[in-house]
Amino acid sequence: MLSSDALFSDAVLTPVFAIALALVHLFAGRLGFGGRFPRSRWLSIAGGVSVAYVFVHLLPEVGEAAATLAEHGNPTVFAEHHGYLIALLGFVTFYGLEHLARRSNTDSDGIVKLAGTDVFWIHVGSFAAYNAIVGYLLWDRELGSVLLFTVAMALHFLVTDDSLRDHHGKPYHRRGRWVLSASVLAGFAGGYVLEDTELLIAVFVPFLAGGIILNVIKEELPSDRESRFWAFAGGAAGYAALLLFV
């Protein structure tokens with residue numbers, strides 16, 4: 001049980017963290033990290049930090065999520081795998097969105113063109129739901145330090161912001177980034193109203209884990225991105241060590 005001092009600290013700091021996360025998308029474009037070839041080492045470090053958080057903190061929660069889902073549903077032979085199936089769903093969902101966005105950006109002759117309005121809103125709307133989950137999980141005390149979670153997610157937002165700017169350009173800058181910023185606050189408000197809803201957390205944690213892994217790896221692996229392996233590895237190793245010893 002949290003002490004009164006801890007509860008007061010959470011009540012004061014957690015909204016600050018939510019606002020900080022919401023501001024990332026609004027100002028990420030001014031940092032000068034995006035759109036570089038070779039890829040900015042800072043984005044590779046950010047990707048490494050995000051993946052480290054998933055493997056050290058989120059994936060261990062997936063097993064607990066499966067147990068919670070089994071308690072709230074009909075036990076089946078696959079009950080112990082439910083959390084992992086949701087993580088797989090998150091991975092596949094964002095792979096599908098990336099595939100859709102890339103196909104819409106290239107015509108049959110391989111010439112890049114602007115994405116249609118429908119694709120833009122599907123893409124941005126999906127990431128808005130993703131960001132809302134992050135905002136909601138600021139209230140999940142089982143994830144440990146809210147500060148470490150916020151730092152990892154803020155750096156991850158830099159990665160997703162760069163990808164969305166690359167896909168959608170001006171429409172994203174004019175409208176999309178505002179939607180994503182607002183969605184963090186909407187998810188945070190939902191977490192305040194529905195705090196400690198075990199079933200929602202059991203769904204959100206593995207889905208977010210799968211989504212983060214895909215969204216980072218798709219930016220780091222393609223050869224045309226000219227990513228910085230050692231920056232990525234250093235970010236992952238450094239943050240993993242921090243998570244283990246703090």
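Visitor: Is Tyr-192 buried or exposed?
Guide: Keep in mind that this is a predicted model. A residue counts as exposed when its relative accessible area is over 50%. Tyr-192 has a relative accessible area of 58%, so the label for Tyr-192 is exposed.

Visitor: And what about Trp-139, buried or exposed?
Guide: Buried means under 20% relative accessible area. Trp-139 comes in at 9%, so Trp-139 counts as buried.

Visitor: What kind of aromatic pair do the rings of Trp-139 and Tyr-192 make?
Guide: Their centres sit 5.6 Å apart. Planes under 30 degrees apart would be stacked and over 60 edge-to-face. With planes at 50°, this pair is therefore tilted.

Visitor: How many residues apart are Trp-139 and Tyr-192?
Guide: Trp-139 is in the loop between helix 4 (117-137) and helix 5, while Tyr-192 belongs to helix 6 (residues 170-193). The pair links distant parts of the chain, and the separation is 53 residues.

Visitor: How many aromatic pairs does the whole structure have, and what kind do Phe-120 and Trp-121 form?
Guide: Searching the whole structure turns up 10 aromatic pairs. For Phe-120 and Trp-121, the ring centres are 4.9 Å apart and the planes are at 70°. That makes their pair edge-to-face.

Visitor: Which helix holds Asp-161, and is Asp-161 buried or exposed?
Guide: Asp-161 has its place in helix 5. Its relative accessibility is 2%, so Asp-161 counts as buried.

Visitor: Which side chain makes a polar contact with the side chain of Asp-161?
Guide: Leaving out residues up to four places away in sequence, Asp-161 touches His-25, Ala-28, Gly-29 and Tyr-172. The polar contact, at 2.5 Å, joins the side chain of Asp-161 to that of Tyr-172.

Visitor: How many residues of helix 5 are buried?
Guide: Helix 5 covers residues 146-168, which is 23 residues. The helix is mostly covered, and its buried count is 18.

Visitor: How far apart are the end C-alpha atoms of helix 5?
Guide: At 1.5 Å a residue, the 23 residues should span 33 Å. The model agrees with that, because the end C-alpha atoms are apart by 31 Å.

Visitor: What sits at the start of helix 5, and which residue just after it takes a positive phi?
Guide: At the start, a side-chain oxygen of Ser-145 reaches to within 3.3 Å of the backbone nitrogen of Leu-147. Just after helix 5, a positive phi of about 55° belongs to Gly-169.

Visitor: Zooming out, how many helices and strands does the chain have?
Guide: From the N terminus on, the elements run α-α-α-α-α-α-α-α. The tally is 8 helices and 0 strands.

Definitions and conventions. Residues are numbered from 1 along each chain as its sequence is written. This is a predicted model: local features need pLDDT of at least 70, side-chain atom pairs count only at pLDDT 80 or more; totals for chains, interfaces and linings use all residues. Side-chain values use heavy atoms; hydrogens and water are left out. Helices (H or I, at least four residues) and strands (E, at least two) are DSSP runs, numbered from the N terminus. The expected span of a helix is 1.5 Å times one less than its number of residues. Buried means under 20% relative accessible area, exposed over 50%, partly exposed in between (1.4 Å probe, protein chains only). A polar contact is a pair of N or O atoms within 3.5 Å; within protein, one must be able to donate a hydrogen and the other to accept it, and residues adjacent in sequence count only if both atoms are side-chain atoms. Contact means heavy atoms within 4.5 Å. Rings of Phe, Tyr and Trp (its six-membered ring) pair if their centres lie within 6.5 Å; planes under 30 degrees apart count as stacked, over 60 as edge-to-face and the rest as tilted.
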